[in-house]
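These notes are meant for a colleague who is opening this structure for the first time. Please keep the sequence and the model in view while going through the numbered points.

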Amino acid sequence: MDYKGVRWYKSDLHLHTPASRCFRDRGVTPEQWVQRCIDQGLDVVAITDHNTGEYIDRIKEAAANTNLTVFPGVEVTCSESKVHMLVIFEKDKSTQYVEDFLVSIGIERDRFAADNAFSRRTTIEIANIVKEKGGIIIPAHIDEFNGICNISPNSREELLSLSNIDGVQVVHKMFLNSDVRNEDIEPVLLEYYGKNIDHEIYRGWKTSVRQAVQLKKAILTFSDNPHEHGDSKHGLWGIGQRYTWIKMGEEINLESLRQALLLPEHRIKNDFESENHPYTLPNNWIKSLKVSNTELNESDFEISFNPQMTTIIGGRGTGKSSVVRFIRGLFDMSSDLKGLSSLQNEQVNFFKLKDGDDGVLKKDSEIEVILVRFRQQYKIIMTEFEKTSSKKTVFYKFDDDTKEFKELEESNLLESFKLDIFSQKQIYEIAKNPNALRERIDAPIYEIDETKIELFNIKKKFMEQSAKIRRIESEISRKSKVIADINEKKELISSFKESGFEDLIRKFKEYSSQRIELMNFVKDLEDKKNHLSSIVGKMNLSEKPDITNFNPQYHSELDQIVNETVSEYSQINLLIEEAERRITALINEYNTKIKDSEWRKKYGEISNQFNTTKEDMARKGIDDLSKLEKTTLELSSLESNLRNISTFEETLSGEIEKNDAIKEQYFSRREEITVKRREFIRSVIGGSDNIKIEVKPYRDKRHFTDSIRTVLQKFSGFDEDINKIVRRCLHGQDVNSNISLLVEEFIQIRNENAGDTEFTGRMINVIKALNDEQIDELSLLIPEDEISVKYKPNGSSEFRVLTNASAGQKTSAILTFLLSFGEVPLILDQPEDDLDNHLIYDLIVERLKKTKEKRQIIVVTHNANIPVNGDSELVLCMDSETSGIKVLCEGPVENDSVRTEICGVMEGGEDAFKLRSRRYNIN
């Protein structure tokens, strides 16, 4: 995917052509040579034939219509022990230029490419001449024959210390390990060269590499294109067999290469370190922003961003921060400024329709962002702005086949595409309240989200179980009353026994129950008959099949089959109708037999006797017979309740144990969050020399205070009592036990069983009014972890609490942490305010260089350390001469116009920069 700014190129800067006498197949054409480079996936090459530039123009011509960048150069043989040095010039230099250079160092034209051609000048002299001519010089294969290992140690160190010797070519990876043993070296060299290498020889190779590493030179790996594996001659096969990934600008040039060599840690990856492409695009990054028809600009304003680090620079009033505000507005991130009323107001007053001095939008303004999510490009266009804050947002997805953006019917891009935006004031506010970091710590830890969801479900289960226990306890509390009611009912029933009516009642109830059984049976028969009757009404067949359209030869046969089937079905239908009649008769017969049965006679006798006795007693003023029936039923119900209560008593302890286990599970899972936070902090800043972040379990006083007030539903007042609660609970190490004791005291107060208490009368009334659910909430209340940040001042050996630090120290500590993790795009608006240059260079710049390998960073700044020493992949220089927002120039630091603008805007101009440099008097 194409994008603005520097990127990685697969480079082989030590290549020979048939112009070198040791190139085996001298019939190879320039076109074949270029094609081999392309086939090997090379982006950048340098032609470095031995002491000649003969093939440079031919190769450049063959590569003219390809994407291969060709640097002209030469491999010079120097006087000292025939040491080889790679010299590379700007792309536009020709064969003539390189040959003129060879003449200038003492190699005659008639000696070009000769086997014994060499310059009588020393390596240092040649290096100085190359510097004067603006070229780049690289000591070739320093751990091999004809390398700088062949010159004296002092001369070698002097050469490597030159300001224009920024990189060296290394052949053998093992020499980068200073502790490598001879017994490990010798078999490798034997296999590589096919012969034993004398100890004194390879010791010099090893020493040369060690010196280059100590002097922090870029370690480069190139092929020197052998004809085949192990062959000392050159050929096509070896092109690209060894290579170095070099980070350079879109417009590859010698200055871009020079800048890469100056920052080897971040711009050079040899094939020892990275065989494959050393950089993977982030999953989410912003590719461009386009703003049209606003109060700020008459014309469109459009900028592109690099997926790594983009720096936006410019003087006051150039619209640097407006870029951030447009992005914040499109993604509706003003809520991130909560607690910062001035910043929030600035954002709201900026991103709205023009209204007096506020607002930069018009009704037909248009804001367009192209973003990349998992390598798929999307476009978001926001327009049709209204005063009610409504607007129209349309989403598009790039079609790789048609190479066009196609509108999506719906999208959740604004919710799913996450990004972080911080201004200096936001960072400083976090520094004043380090607990605000907790949300930032939790965000990238996927397990914490899962645990929080699980905690919610466990809490819900605890609340349900607590309610169940209360219901059980409520039932058990009724036991004594149920027993008293049972005894009362039994006494009443006993009085009826003494009256002699008990046996009559028993028989009446017995026969009544039997009657119900017999009636239920006949009711079931009637239900079956009704079901059959409903079927009979649906049994008539529809019309017979119409066979008149069939072939006449089948009419007779099919007519017979259909008629036989209809006839047989008619018989079946008659049987069903007969079954309905027979069931009706059966029911009538059953009812008649029951009515005439001896059982029915006996039931009638008992029923008549019961009713006669009941009426007789009523005439005498005794109507308790019906009450006896009711009392008997009530007694049965009460005895059933008592059995249930006994069951509850047996299960209560188990249910309480179950709830205790749920509570323990809740506390255990909550503890895992603290552990995850600590592990995460160790992983991102564990070895930091300047900042220390501690997670103190359950110690966030402010959070706990708010939580207590929420449960008590007292959001103001009661300060003295609330402070007592917080102090008691957060005292000592076992916070959970402290809270449990507090809950027990609250329960005692509610039950009027509490003795002396430290709470005021008003608070006691609040506690007495708490419901059971509030008590349950308190039982699971856990204070949040306190995030403690400490910093180490320059020159100090001890860490100090951040609250005692200066504004700059606070900001640098928090910014250091924020830059230590995360994968979503990070936008920083002038983060260096309050910071001195030392803090910016030591902390922020180094973090930026590491962070941009994992996530996109966009920085608005006025400090030169950030784009220059931070090696920004893309610098956008805003135009201070225009009334609106406009990019004056863009590109990497090596771009002349960008470099000039950085020097002018950030350093006070070239003269001021040079004067400071002279006054510092730093060699």
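1. Helices, as the word is used in this note, are DSSP runs of H or I that hold at least four residues, and they are numbered from the N terminus. The model is a predicted one, and the points below should be read with that in mind.

2. Helix 10, which spans residues 320–330, is a helix that is mostly covered, since ten of its eleven residues are buried. The buried residues include Val323, Val324, Phe326, Ile327 and Leu330, and also Lys320 and Arg328. Helix 10 is followed by Asp332, and the phi of Asp332 is positive, near 55 degrees.

3. Just after helix 29 comes Gly908, with a positive phi of about 85 degrees.

4. Two further residues deserve a look for their backbone angles. Arg375 is not a glycine, yet its phi is positive, at about 70 degrees; Arg375 sits in the loop that runs between strand 13 (366–373) and strand 14 (376–383). Gln830 is likewise not a glycine and has a positive phi of about 50 degrees, and its place is the loop between strand 21 (826–829) and helix 27. Are these residues buried or exposed? Arg375 has a relative accessible area of 55% and is therefore exposed, the cut-off being over 50%, whereas Gln830, at 19%, counts as buried because the value is under 20%.

5. Gln856 belongs to the loop between helix 27 (837–851) and strand 22 (857–860), and with a relative accessibility of 0% Gln856 counts as buried. Which backbone atoms lie by polar atoms of the side chain of Gln856? One is the backbone nitrogen of Ile286, at 2.7 Å from a polar atom of that side chain, and another is the backbone oxygen of Asn306, at 3.0 Å. When residues up to four places away in sequence are not counted, the residues that Gln856 touches include Pro282, Trp285 and Phe305, together with Val824, Pro825 and Leu826.

6. Tyr9 is part of strand 1, which covers residues 7–15, and its relative accessibility of 9% is why Tyr9 counts as buried. The side chain of Tyr9 reaches the backbone oxygen of Gly249 at a distance of 2.8 Å. Apart from neighbours within four places in sequence, Tyr9 is in contact with a set of residues that includes Asp43, Val44, Trp245, Met248 and Ile252, with Gly249 also among them. The C-alpha atom of Tyr9 is 7.6 Å from that of Leu42, although the two residues are 33 residues apart along the chain.

7. Glu99, found in helix 3 (residues 95–104), has a relative accessible area of 15% and is therefore buried. Its contacts, once neighbours within four places in sequence are left aside, are with Gly53, Glu54, Arg109 and Phe112.

8. Helix 21 (residues 701–712) and helix 25 (residues 772–779) have axes that come within 9 Å and cross at roughly 165 degrees, which means that helix 21 is roughly antiparallel to helix 25. The crossing in which helix 21 passes helix 25 is right-handed. Helix 21 contributes Ile708, Val711 and Leu712 to the contact, and helix 25 contributes Gln774, Glu777 and Leu778. Sorted by class, the contact of helix 21 with helix 25 holds four nonpolar residues, one polar residue and one charged residue.

9. How are helix 23 and helix 24 set against each other? The axes of helix 23 (residues 735–750) and helix 24 (residues 761–768) come within 8 Å and cross at roughly 90 degrees, so helix 23 is roughly perpendicular to helix 24. On the side of helix 23 the residues are Phe746, Ile749 and Arg750, and they meet Ile764, Ile767 and Lys768 in helix 24. The residues in the contact of helix 23 with helix 24 divide into four nonpolar and two charged, with no polar ones.

Definitions and conventions: Residues numbered from 1 in each chain as written. Predicted model: local features only at pLDDT ≥ 70, side-chain atom pairs only at ≥ 80, totals over all residues. Heavy atoms only, no water. Helix = DSSP H or I, 4+ residues; strand = E, 2+ residues; numbered from the N terminus. Buried < 20%, exposed > 50% of the residue type's maximum accessible area, 1.4 Å probe, protein only. Contact = heavy atoms within 4.5 Å. Polar contact = N/O pair within 3.5 Å; in protein donor to acceptor, adjacent residues only side chain to side chain. Axes fitted to C-alpha atoms, helices over the stretch in contact; angles between N-to-C directions. Parallel < 35°, antiparallel > 145°, perpendicular 65-115°, else oblique. Left-handed = near helix turned anticlockwise from the far one by under 90°. Nonpolar A, V, L, I, M, F, W, Y, C, P; charged D, E, K, R; others polar.
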